[in-house]
Amino acid sequence: MDSKKTLNSQDVSLASRIAGAVWGQFVGDAFCLGSHWIYDLNELERLFPGGPQGFDPPAEGHYHFGKEPGELTHYGDAALLLLRSLLERDCFDATDFGSRFVAIMECPAYKGYRDHAARETLANYRAFREAHPDAAYSFQEGADDDQPATISRLAPLAARYFRSSDYLLQVERATRVCQNNDRAVVYLKAHAMILRELFLGRSLDDAFKRTVELMDGEGLLGAEVSGKITDAFSSRTLPVRTVTARFGQTCPLASSFPAAVHCALHHADDFGGALKATAAAGGDNAGRAAMVGAWLGASLGVSAIPGEWCLRLKAHAEIENGIGRLMRVE
């Protein structure tokens with residue numbers, strides 16, 4: 001960024017950064033509802049000439065068919081559960097959030113998609129209950145899964161804990177509820193570090209660079225994350241579709257995380273352009289858009305997010321109230 005943009009970034013208030021991160025995460029998810037998990041770019045173009053414009057209705061046969069524009073994907077549904085749990089418990093409570101997650105995913109009326117993280121988390125919970133019907137469950141034995149389940153819901157927890165000495169411990173505990181996987185934990189720590197640096201007023205570039213430095217303490221997996229961020233930096237001038245295809249359109253964080261980093265860097269001053277670009281790159285665009293939305297919302301502030309996009313969310317009132325309560329906690 002040039003000095004003028006850096007100065008503008010520093011002028012964004014903490015309240016605006018927190019609101020931007022949380023709104024950005026939810027808006028990014030809902031933006032891609034109808035175009036999610038379409039890997040064939042020719043098919044994506046046929047369905048959405050000129051690229052997805054956001055909040056598109058899922059077609060019959062689509063993973064999210066039955067949901068309406070403005071609703072959230074299964075990622076966003078779990079994010080809303082986490083927001084509720086954080087506010088009602090006034091802290092992160094793995095048992096409370098895990099119980100809510102199990103309840104909604106077991107409910108026959110739930111119309112969202114149940115991904116690998118959800119299915120294996122439920123299986124592990126049921127197996128424990130069968131063997132130990134009266135014992136307390138830690139909700140730290142989630143799926144062996146390294147995809148975007150938790151990274152797409154973390155922004156409210158980051159807002160609640162980013163100044164706490166146990167911030168990264170809370171991030172790990174939140175991750176292991178549904179993803180008891182070391183790779184997922186390290187990528188989630190990187191995501192949390194990026195958000196913390198942005199909340200503290202760093203520019204987007206500096207937040208990513210600082211996170212690369214901090215990953216030195218995370219061993220081989222930390223080196224993997226650092227390498228992915230560095231690669232995204234070196235490719236920042238290339239088109240989002242090109243770089244997303246190179247990293248991979250798929251869900252695993254080793255693909256989706258650096259593709260999201262690249263998109264955020266490539267569209268560092270354009271929240272809407274970033275969401276449209278990652279949506280048009282296909283594959284797990286909802287997972288990437290939740291990350292990109294959180295980072296750019298925190299970097300640019302909530303005013304960078306089109307107000308009408310926030311209003312389109314079916315859960316608008318609950319999210320708005322939740323952000324207001326997060327501000328009072330902070």
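On a 1 Å grid over the protein atoms alone, a cavity is a set of points where a 1.4 Å probe fits but cannot get out, whereas a pocket is an open set with protein on both sides within 12 Å along at least five of seven lines, and lining residues have an atom within 4 Å of a point. Grid points are joined across faces, edges and corners, and a volume is the space filled by probe spheres set on the points. The model is predicted, so that local features need pLDDT of at least 70 and side-chain atom pairs count only at pLDDT 80 or more, while totals for chains, interfaces and linings use all residues. Residues are numbered from 1 along each chain as its sequence is written, and side-chain values use heavy atoms, with hydrogens and water left out.

By this rule there is 1 cavity of 30 Å³ or more. The lining of the largest cavity includes His74, Tyr75, Phe101, Met105, Asp115 and Arg153. Helices (DSSP runs of H or I, at least four residues, numbered from the N terminus) α4, α5 (94–106) and α6 (116–131) each supply at least two lining residues of the largest cavity, and the largest share, 3 residues, comes from α4. Helix α4 (residues 74–89) also gives the largest share of the lining of the largest pocket, 4 residues.

The axes of helix α2 (residues 14–31) and helix α9 (residues 182–199), lines fitted to C-alpha atoms over the stretch in contact, with angles from 0 to 180 degrees between N-to-C directions, come within 9 Å and cross at roughly 150°. Leu14, Arg17, Ile18 and Ala21 in α2 meet Leu195, Leu198 and Phe199 in α9, contact meaning heavy atoms within 4.5 Å.

The UniProt annotation "binding site", from an unreviewed entry, covers Thr73 and Asp284. Although spread over 212 residues of sequence, these positions cluster in space, with a largest C-alpha distance of 11.3 Å.

Terms used. UniProt positions renumbered as here; feature names shortened; annotations may be inferred.
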